[in-house]
Structure formats: structure tokens, C-alpha cells
Amino acid sequence: MVEPLAERWRAARPPFAGLHLDNAACSRQSFTALDAAARHAVHEAEVGGYVAAEAATPVLDAGCAAVASLCGLPEATVVFTTGSLDALDLLLGSWPTAKRTLACLPGEYGPNLAVMEAHGFEVRRLPTLGDGRLALDDAALELEENPPDLLHLTPVASHRGIVQPLAMVARLCRELGVPLVVDAAQALGQIDCAVGADVTYSSSRKWLAGPRGVGVLVGRPELLAGLTPRLPLPFGFGEANVAARVGFSVAVGEYLSCEPEQVRARLAELGAIARGLLADVPGWAVVEEVEEPSAITTLAPLDGADPEVVRSWLFAERGILTTFAGIPRAPLELTAPVLRISPHVDTTADELEMFAEALIEATAATAAQN
């Protein structure tokens, strides 16, 4: 009998020294992924780095194929990067200089905006509803009347867990002939990203539970062929931590073996449980609706609570790891810092209730300090 998903996920990893609710930042790697990366590093020492890299080709190719399937582009070109920002930098730095108008949401990730500006892109803000979700009909009219050279969509933002209508945006972009670039750093593994966007890029360390310092850029070959990379071909030319790429490839394989639909359903279930438990915690407002199909719960402070101080208290006093999200994460939209939690599939309802109780305690304790 196959073990339940939560038990299987937890048993596959070293135990956390406390309660890990920060998976949207960095998940825990499995023993298997850790061992694969370590064994590759040993092999480098035994036979040389380049020989070991060549021997790892089947594993890396399998990892690339797995990621391409998760993005809905089985025939895609997959390029390893050092992370999401590196992927965006490579892509935009190679984009035709005469075609640099870009549409994105007001809630775009702050560092992404900096990369866009550095590469001389004119950024247009897409219309949104009151919760920051894309106003699809209004956006369709704007895009049809004045199409940008590309649409950049972050389906799940860094500062809240609202899920954007990715599949509908992908369909709209295909109809209008506008290239769609997806920042799936928070999305890949948490929601369904198999929409066949022209380019999807992501990091390894979040919901797929791979190592830090590695990411991927998945693109249609015909689109990538029209770019002009700053470095000679292949597109991902340069130094590489092949051990991390091996670990990532193994982690993606493990994720697929857990059945992505089940993983996504469990993550959404945990998000709903967390938001229900936290709805009445004094001093905080839950940003997302209870049934938002996301594992992320964002807490906006009321009555002067300080998310950064509370985050530090929770970790120091209770061993609970959460995320402090400051205004720079979404400078065009976020008006005050927030606290974020992001359980993975092995988190239990009892642990989320423990967090709710600790948050009440932390809020009172830090208020007394002020």
C-alpha cells in the first residue's frame, strides 16, 4: 500500500528543528536529492568535473524533460540557470532591442521590475480587481488595442497567495499573438503551470524542494532562436554547479512520483485550513479568501503589529519559521509589510493550530516590548 502523501513527504526528509512554514521561500530537500548531489560532487573529485558532468547527462536530461512537462511544453528548450532572477536577466538581456515594451501586474516582484528597468523595458501595468487579481476582460481590450512585445505574468506573487488566471491569460496571449513569459517561482509545483506559455522560468528551492542556487528557463525553441544571448551559444553557456542541477533533477522526479494533482490539492487544502484558523486572530487580517487554491496565507497587521518583529519572535521563541515580506517585494502595490506562512504537504492541521496559538502569543509579547 502506498503511504499517504503527507507521511511519505515527511519521511523522505530530515526532521526540521521546529515548525517549517516557509516553503514559499525554501523547502526542505529530501535525503535522495541531497545524496544525489553529494554523490555527484564525489564523482567530480574522482574523475574530474567535466567528465562527471558528461556522465550526469541522462539525469539532467530527465530533469529537463520533467520540468518541460510541468510547463506544458514537452518539446521546449530547457536551460539551467542559477535561479529565477538569473533566468529573467538572461531572457530580457537577449530580447530584441527594438521590441522592449512589457505588460505586467502592479503586484510584480520588485527585483523583477529592477531587471526590466536595467534592460530598458517600457513597463505597462495591467488592470486589476480590488484584490490584485487580473481584470481579464479589461486586460484583453488593452492588449488588443495596444499589444506589448511581451506579457510577463507572475501567477502567484511573492507578497500574497492569490492565484492569477494563468490558463486564461495563456489562451488570450495565443489569440492575440503576444508572447507570454511566466515567472513560476511561486507557482511551479503549487498550481498547474502546464499552459504552454512561450517561456516559463522558475527556481528549484520552493515547492519542488530542490537545492538553492539552481533554476530553469523553459522556452519554445522558435522564440529562443530569435533572441541574441550576451554569451555564445548554447544559451546557458558558463560556469555551473552541476551537483545542484543533479539534485534538482532528482527532486523534480520525486515530485512527479507523488502525482502533481495530489500535491496541488493537498497544498490548497492546507491553505484553506490555515486561513480558517487565522481568520479571527487578533491584530491580523487574512489577505486571501479561505478557498483560494494556494498554500500561502498572508497576514496583514492591524493595530500596529510589526511583521518583522513577530517573525523573529516566532522563530527565536517557538522555532516556527515564517516569512517577513517588506514593501520592496511589490513596490507598486504593497503599502505595508506583511507576514506570510506557506506549509508544504507534510504540515498537519494540528501544526497550523499550533502556529495560530503562537501568533497570538507573539503578537501580545511583541506589543508589550513596544
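This is a predicted model: local features need pLDDT of at least 70, side-chain atom pairs count only at pLDDT 80 or more; totals for chains, interfaces and linings use all residues.
Local features are described only where pLDDT is at least 70 and side-chain atom pairs only at pLDDT 80 or more, while totals for chains, interfaces and linings use all residues. Residues are numbered from 1 along each chain as its sequence is written, and side-chain values use heavy atoms, with hydrogens and water left out.

The protein chain is divided into domain 1 (5-29 + 259-368) and domain 2 (31-258), with bounds that come from an automatic or database domain assignment. Taken over C-alpha atoms, the centres of domain 1 and domain 2 are separated by 25 Å. Their contact, a term that stands for heavy atoms within 4.5 Å, takes 40 residues from domain 1 and 37 residues from domain 2.

Inside the protein, the largest nonpolar core has 59 residues, and those with the most contacts inside it are Val67, Leu126, Leu151, Leu180, Leu188, Val218 and Phe248. Such a core is a set of buried Ala, Val, Leu, Ile, Met, Phe, Trp, Tyr and Cys residues joined through side-chain atoms within 4.5 Å, where buried means under 20% relative accessible area, exposed over 50% and partly exposed in between, for a 1.4 Å probe and protein chains only. This core draws at least three residues from each of domain 1 and domain 2. Apart from it lies another core, of 21 residues, which includes Leu19, Ala305, Leu339 and Phe355.

Between domain 1 and domain 2 lies the second largest pocket, because both domains give residues to its lining. Its volume is about 400 Å³, and of the 26 residues that line it, Ser84, Tyr109, Ala185, Arg205 and Lys206 are the closest to its centre. A pocket is found on a 1 Å grid over the protein atoms alone, as an open set of points with protein on both sides within 12 Å along at least five of seven lines, whereas a cavity is a set of points where a 1.4 Å probe fits but cannot get out; lining residues have an atom within 4 Å of a point. Grid points are joined across faces, edges and corners, and a volume is the space filled by probe spheres set on the points. A search of the whole structure finds one cavity of 30 Å³ or more. The largest cavity has a volume of about 100 Å³, and among its 13 lining residues the closest to its centre are Leu105, Gly107, Thr154, Ala157 and Gln164.

Some single residues complete the picture. Thr200 has its place in strand 7 (residues 199-203), strands being DSSP runs of E with at least two residues and helices runs of H or I with at least four, numbered from the N terminus. Thr200 is buried, with a relative accessible area of 3%. In the loop between strand 7 and strand 8 (215-219) lies Ser204, which counts as buried at 0% relative accessibility. Leaving aside neighbours within four places in sequence, Ser204 is in contact with Ala209, Gly210, Pro211, Val214, Gly215 and Phe248.

Glu259, in the loop between helix 10 (242-257) and helix 11 (260-278), has a phi near 70°, a positive value in a residue other than glycine. Glu259 is partly exposed, with a relative accessible area of 45%. Asp303, which is not a glycine, has a positive phi of about 60° and is exposed, with a relative accessible area of 79%.
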